[in-house]
Every structure is written in C-alpha cells, then in structure tokens.
Amino acid sequence: MQIERYLSVDLASEREIFDAALTELVQLRAVERIWAHDPTLWKSDPAADIELSDRLGWLSLPDDFLAPDKLKDLQTLAAECKSEGIRHVVVCGMGGSSLAPEVFRITLGSTAGNPELIVLDFTDPTLVRSVDARIDPNKTLFLISSKSGGTIEVMSFLAHFWELTGHNGRQFCAITDPGTSLAKLATERLFRKTFLNPTEIGGRYSALSFFGLVPAAVAGIDVPRLLQAAQHEKTLCSPDRPPDQNSGAYLGAFIGGLARDRRDKLTLLTSPGLSSFGLWVEQLIAESTGKEGIGIVPVVDEPFGAPEVYYRDRAFVVLRLEGDDNTALDRTVDSLRGTHPIIVRQLRDRYDVGAEMYCWEMATAVAGALLKINPFDQPNVQESKDSTARVLKSLQTQLPDGVRVMPEELWRFLDQAQPGDYVSFQAYVTPLPDIEQRIQELRRRTRDRRKVATTLGFGPRFLHSTGQLHKGGPRTGLFLQLTYQPLDDVEIPGQPYTFGTLYAAQSLGDLLSLHEKGLRVGRLDLGPNPLTGLDALLDGA
C-alpha cells in the first residue's frame, strides 16, 4: 500500500531485511507503545524508565502549539518587532536550539517587512565580528536559547551582546526550560520576554516548540501553516496505523532495519530548496542512535556520485521538493535504482518541512527500538564539554604525539579509511561559501578514491550534533580536524578567556576526547588564510 508522500521505494536486494523489520515492529507493538509513553520499548532498565517516559512530549507538539495562547505569544512578539522597526533577530544557541531555526531561515526565509533572522552557533571570533558588523545593536532582538540554561557558547554570546547593547534587557528574550539559571537571569535583567518550553521535550526533538517557533514567528514565517503540515503528518504516524501504513514507522523500519544489516551510512539526497534540512536531521539521527558502540551515520550534503563510488554500507533517503529544479537529483536517483536501497519522499511545498520534521522524529524513535538503544539520551556529549573546560582551565595547547598531519601527508592519513569506514572532516574554520566548496571537493575526492562515506561538520556546531556519534557510535570513523589561526579576537566580558581561546579550546578538547578513546584522529592546520591553505591541499592532491 502506498503511503502518502512516499513517491517510490526501491529496496534492491534488501527487501527481506526491510520486511523483517516491519514484522518486528508489529510484534513489538512499537507504534502503540510509543504513543503510550512506554519506556520498556527501548530499555528494560528501571533507572532509564523515568527519563524515557519524560522525553515524549514532542508527540503532541503540533496540537499543543496551535493552541490560541501559545500562538498569541508568538504573534505578539512578532508584531512588536515589526512595529518597533527591529531589523535583525539573532538566535544565540547551539544544537537543538539553533539547528531548526537555521533550517527555517534558509528554507522559508524572512518575509518582507519582518526582521532578518541570523543564527549564531559558532564561537569563531571572525563570525562573531561579522554579526557585529551586520547589525545595528539598537535595532536588534537577541534570542538567548538554551534548554539547560547554561551552555558555555550561549552564555558567552549573551555576555558579548549584553555589553554591545548597553545592558538593555528590552532587546533580549530567553527560550529555556523552567527553573534554569537562564530563566532566573532573564527575570533579573528584565528581558522583554521569557519563553518556557515544556520540560518533557529533548533538545533535538524541539523543532516544533518555542525553540524553533519563536525565531520563525519573528521572521514572519507562517507558524500555523508550518504546524498544520506537521499536524497532518501526525495523523499519518498515529497508533491506529500499522507500520506498513505508518509514515514514521515505515521510515524507521528502513533506517533502523537496514542499519542492523550493516547499511548504517544513511545518505540524505535533497532538492536544492531543501539543502539545509540535513543540518537538523544530522543531529537527530547521530545523537539519538550513536551510542553503545553502534549507531547510524547520517551523511548529508555529500556531492552526488555515480553508483560505483558508493559501498554496500549505504541506504538512501531522498527528499524531493515538487516544483524545484530536480534534474541532477532525479538523474542520481535513477542511477542508484537496483543497486542500493532508496526511498523517495515528496514535499509539496517548503512548509512541508514541518511535516518532515515530525516524520523523522517518529522514525528515529522507531529505529531506536529496532537497535535496542535509548534514542533520548546522549551519554558522550558531556565528554567534549569536560575536555574543553579542562583545556580552558590549564590553557593547554600541546597536541598529543602523532596527531599532527602536514599538508603533504594528507592522503597518507586519509588512505587509512577502508570500505565500511567513514571519514569525518571537522572544520574549525569560518564556514564561508568558498571555504565550504573546497572542503566539499575534498570530500568528493576522498569518497571516490576510498569508496567511503564522508561527513562535514563545522566546529563547534557539530559538537552538539554529530559529536555524540563520533565518540559513542561504531569505531569506524576517521577524523580530520581542519583548523586555522584567527587574526582578530573578541573579548568575552566577565571571562578570563576570549572567543578565540574558547574556539581553540573546543577544537583541542574534542581532539583529546577522540584520541583518549583510541580513535583515529589527526589535525591539519590551514594557517591564517584557510582558503589559501585549502587551495594548496587540493592542488597537491
């Protein structure tokens, strides 16, 4: 039976694996138990029951946030910004509090007459300075967004912009959970408003809550339309639909069932208009499944390739936007049919991104049941935070022996990757288009040469996204840090370190965490001009 929005399904030789996963979901009564908030679907450990059962608030979000009181709060803030001539809204967040706003910003954009949305989730001092240069502090609203209320990057952004605005609380809103230190600080400093999110929603499942919807609303995005698309998808994921007719369970059987069969490199191919969606999916999949030595490796925004460059560890999901220029996408999909398992989902318009988010959340919960892991914890995320704090405290700068990679040693390092591995490019450089284009070319050459999946994350954003998978997932990653030396730094008021120091500490802290786990990691410094450094790498490759 064809499920709405599944345009086509081609399972190649994996039909039995997929059918077995669907059958297992029926036997587990997986969908019904998810809706019943039954924690034993994932783990039988009584210690985990409370956390698991308290992390399913995302199931009802489309209905909850269509409630008149919540819509009124969003619409009131948006109207105030518009009437007061606010020109920019800067989201200061990390991970779950920044990635959904970034997808909404790129996919849907600000509407005419509304403030331009900027998402800041990089401690790179070059980027902090670039935001300062773009805005008029007196005509900017800052959204300080943190579930925990104490994220070091977010609090550093707050300290910086608090000074820049002359301590004007009217230019700040907080988005956080009840009872956090940020909620208290917002009251003390007379922030314009504090949005308290429901506590039973994990950060990476919070796209359709205040964390995603406040930035969307002030940018003039049609929030009711976005939520109505998700609400429709909710009906397609309802407990009265069996897995083979259930939108989210069907996708979950595909990604979870095939991952158990060693097709754990989940490769997302998208229409041009949906290119940013992978930023959000990447965190959802990586943090939810990458633990206990197993996990699904999300591969997003990798350049299209011919069938022969993909090893048998791939499973493909295609998001196709109706009316977009899909020429290259459709050509690639047609070439893959019969050789790799592939699912094509059709989005009617860009607002279907809300529906897609809901579907992937359900699919991830289902995949967790098949993999027998808790999809709502992130046991290894704290490691890099602790390593960063240790580096900041000691001002350590020394690299461990054997991790420095010289430019002429690039391919000697990358050639360690074998089929079934993945190569993670971890870029601690400013994510400008020209720089990203060159790293994408490096990805393409690596994949074509070694037949391995490649990923790209800009730091420190990826620490709150794929970092959990890198440390807790399968030990098949080869990690290459690309770093540069910022020429200008920015002070962090009230702290003994600068943004440049924090940025360097996050890079080194993550490298130390990977190295201490015995994982294959190297660092290649691109110098003060990363564009020149990357050109030299590509010329020599």
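Is Trp58 buried or exposed? Trp58 is buried, with a relative accessible area of 0%; buried means under 20% relative accessible area, exposed over 50% and partly exposed in between, using a 1.4 Å probe and protein chains only. Before we go on, note that this is a predicted model, in which local features need pLDDT of at least 70, side-chain atom pairs count only at pLDDT 80 or more, and totals for chains, interfaces and linings use all residues. Residues are numbered from 1 along each chain as its sequence is written, and side-chain values use heavy atoms, with hydrogens and water left out.

Let's start with the rings. The whole structure holds 21 aromatic pairs. Rings of Phe, Tyr and Trp (its six-membered ring) pair if their centres lie within 6.5 Å; planes under 30 degrees apart count as stacked, over 60 as edge-to-face and the rest as tilted. Trp58 and Tyr205 have ring centres 5.5 Å apart and planes at 25°, so this pair is stacked. Trp58 lies in the loop between α3 (46–53) and α4 (61–64), and Tyr205 in the loop between β6 (193–196) and α10 (210–218), so the pair ties together parts that are 147 residues apart in sequence. Here helices (H or I, at least four residues) and strands (E, at least two) are DSSP runs, numbered from the N terminus. Tyr205 counts as buried too, at 1% relative accessibility.

Now find Tyr6. The charged end of Arg345 sits over the ring of Tyr6, 4.6 Å from its centre; this label applies if NZ of Lys or CZ of Arg is within 6 Å of the ring centre and within 35 degrees of the ring normal. Tyr6 and Arg345 are also among the residues in contact with Ser247, where contact means heavy atoms within 4.5 Å. Ser247 itself is in helix α12 (residues 247–260) and is buried, with a relative accessible area of 0%.

For a contrast in setting, look at helix α13 (residues 277–289), where Phe277 and Trp280 are three residues apart, or about one helical turn. Phe277 and Trp280 are both buried.

Key: Lists of a residue's contacts leave out its neighbours within four places in sequence.
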